[in-house]
Amino acid sequence: LQTKLPAVGTTIFTVMSALAAETGAVNLGQGFPDFNCDPKLVNDVTAAMQQGLNQYPPMAGVPALREAISRKIEALHGHHYRAADEITVTAGATQAIITAILAIVRPGDEVIVLEPCYDSYVPNIELAGGVVVRVPLTPGTFRPDFDRIAAAMSPRTRAILINSPHNPSATVWSQQDMLRLQELLAPTDIFLISDEVYEHMVFDGQTHQSAARFPGLAARAFIVSSFGKTYHVTGWKVGYVAAPAALSAEFRKVHQFNVFTVNTPVQHALAQYMADPKPYLDLPAFYQHKRDLFRAGLARTRFKLLPSEGSYFQCVDISEVSDLGEADFAQWLTREIGVAAIPLSAFYGDGFDQRVVRFCFAKKDETLIAALDRLAKL
Ligand code: PMP
Ligand code: GLN
């Protein structure tokens, strides 16, 4: 069998979650909360189902939800996306990203990705027949290196994918970074896919710099987000794409054939729930508390802590703790210490090993404390 994705196996998140389950380890690997969402949200879904909202919604999403998304983006970032033709509800960010890529990337087109990057990007580009152009984030700090990005741009570049707050490094792009990107892309026709799934998890008083804030970026951007992250419902798989009408039209051509529509009652519930901005406005403080609790515990180990400016991830340098490579270390940590983590090499095409692993702190305080008790011996 000639396979389309010969280099692809099962995702590291699935592998490490299975190992954690098998060994009884505390699972700080795969990124998902171990606490429930707001019961109101569950009630709203049940109510929508009982009202009979159980058939196909409009292809682009329930209008009330698209209106709510439009209002939120305008309130936070000052850019108006028309609910009618500029916002599309998706089956999570994963489907949003592959759909945007399939909508714009033609065979042979180059697409720039900044490594380390989320594991779906590269196979998505390959499935579209695109050529992946990998540009490393600055080693050590994981900040964008605009000279290297500029050097990677060519007349064949069709799109660039960015992600802030960043999975896995937990860095956050500054306003300066976004302005720099805007300046670089200004003389080009390059599309931007801006993965902003952790948009509401930015710490220490920083502000999320959505591409929506920068007119020169917004005009070429597919902005992707996920309700899974924002409302602690990763299993519901609902997200959205905001993009100018011409781009949204191309997006919807693919969307109507790879998913067509997204879960109706959940969309109605999310539309109602979004009327109150408090849950997402409270999210930075909610996760900053968990980050600080987790970092304070890790500070008592020989792990070297990297910054965590946003997202729900914390990376650590393992070199004082072990001589193992990071992938072996993640296995060892899960089996012998009872805490699962993700090696950063999983986010690189060539498996680059810099002796760093990622923990997810979207967990009950008691889970974090249990993990820290086990890590205390390191
Ligand atoms: N992008 C990034 C950076 C992510 O971390 C995730 C979630 N793991 C996704 C996209 C996918 O989000 P969703 O679960 O909504 O498909
Ligand atoms: N985004 C999550 C992470 O980075 C995992 C999602 C998945 O399992 N595909 O851990």
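# Reading the terms in this model

Q: Where is Pro 116 found?
A: Pro 116 is found in the loop between strand 3 (110-115) and helix 6 (121-127). Helices (H or I, at least four residues) and strands (E, at least two) are DSSP runs, numbered from the N terminus. This is a predicted model, where local features need pLDDT of at least 70, side-chain atom pairs count only at pLDDT 80 or more, and totals for chains, interfaces and linings use all residues. Residues are numbered from 1 along each chain as its sequence is written, while chains are lettered from A and ligands numbered from 1 in the order in which they are written.

Q: What is the peptide bond from Glu 115 to Pro 116, cis or trans?
A: The bond is cis, with omega near 5 degrees. A cis peptide bond also joins Asn 167 and Pro 168, where omega is about 15 degrees. Pro 168 lies in the loop between strand 5 (157-163) and helix 8 (175-185).

Q: What makes the phi of Asp 204 worth a note?
A: Phi of Asp 204 is near 55 degrees, a positive value in a residue other than glycine. Most residues other than glycine have a negative phi, and most peptide bonds are trans. Asp 204 is in the loop between strand 6 (191-195) and helix 9 (215-218).

Q: Why are helix 1 and helix 15 called roughly parallel?
A: The axes of helix 1 (residues 12-23) and helix 15 (residues 326-337) cross at roughly 25 degrees and come within 9 Å. Axes are lines fitted to C-alpha atoms, for helices over the stretch in contact, and angles run from 0 to 180 degrees between N-to-C directions. Angles under 35 degrees count as roughly parallel, over 145 as roughly antiparallel, 65 to 115 as roughly perpendicular and the rest as oblique. Helix 1 and helix 15 are therefore roughly parallel.

Q: Which residues make the contact of helix 1 and helix 15?
A: Helix 1 brings Met 16, Leu 19, Ala 20 and Thr 23, and helix 15 brings Ala 330, Thr 334 and Arg 335. Contact here means C-beta atoms, placed from the backbone, within 7 Å. By class, this contact has four nonpolar, two polar and one charged residues. Ala, Val, Leu, Ile, Met, Phe, Trp, Tyr, Cys and Pro count as nonpolar, Asp, Glu, Lys and Arg as charged, and the others, Gly among them, as polar.

Q: What makes helix 14 roughly parallel to helix 16?
A: Helix 14 and helix 16 (residues 365-375) pack at an angle of about 15 degrees, with their axes 10 Å apart. That angle makes helix 14 roughly parallel to helix 16. From helix 14, Lys 290, Leu 293, Phe 294, Gly 297 and Leu 298 make the contact; from helix 16, Asp 365, Leu 368, Leu 372 and Leu 375 do. Those residues divide into six nonpolar, one polar and two charged.

Q: Why do strand 2 and strand 4 stand at the edges?
A: Seven strands form an open sheet with mixed pairing, in the order 2-8-7-6-5-3-4. Strand 2 (87-90) and strand 4 (131-136) each have a single partner strand, so one side of each has no neighbour in the sheet. The twist averages 20 degrees from one strand to the next.

Q: How do you know that strand 2 pairs with strand 8?
A: Two strands pair if DSSP finds at least two bridges between them. Four bridges join strand 2 to strand 8 (residues 239-242), and the two run antiparallel. In strand 8, Val 241 is the bridge partner of Thr 88. Helix 11 (residues 245-258) packs on this sheet, touching strand 2, strand 7 (221-226) and strand 8; its direction makes about 25 degrees with that of strand 2.

Q: What makes strand 9 and strand 12 edge strands?
A: Four strands form an open sheet in the order 9-10-13-12, with antiparallel pairing. Strand 9 (304-305) and strand 12 (342-343) each pair on one side only. Strand 10 (residues 313-317) and strand 13 (residues 356-360) pair over five bridges in the antiparallel sense. Val 356 in strand 13 is the bridge partner of Asp 317. Helix 14 (residues 283-298) packs on the sheet, touching strand 9 and strand 10, and its direction makes about 15 degrees with that of strand 10.

Q: How many residues surround ligand 1?
A: 14 residues surround ligand 1, and the closest are Gly 92, Ala 93, Thr 94, Asn 167 and Ser 226. A residue is near a molecule or strand if its C-beta atom, placed from the backbone, lies within 6 Å of it. Helix 5 (residues 92-104) gives the most to this shell, with three residues. The shell divides into three nonpolar, nine polar and two charged residues.

Q: Which residues surround ligand 2?
A: Thr 11, Phe 13, Gln 30, Gly 31 and Asn 167 surround ligand 2. By class, this shell has one nonpolar, four polar and no charged residues.

Note on methods. Contact = placed C-beta atoms within 7 Å.
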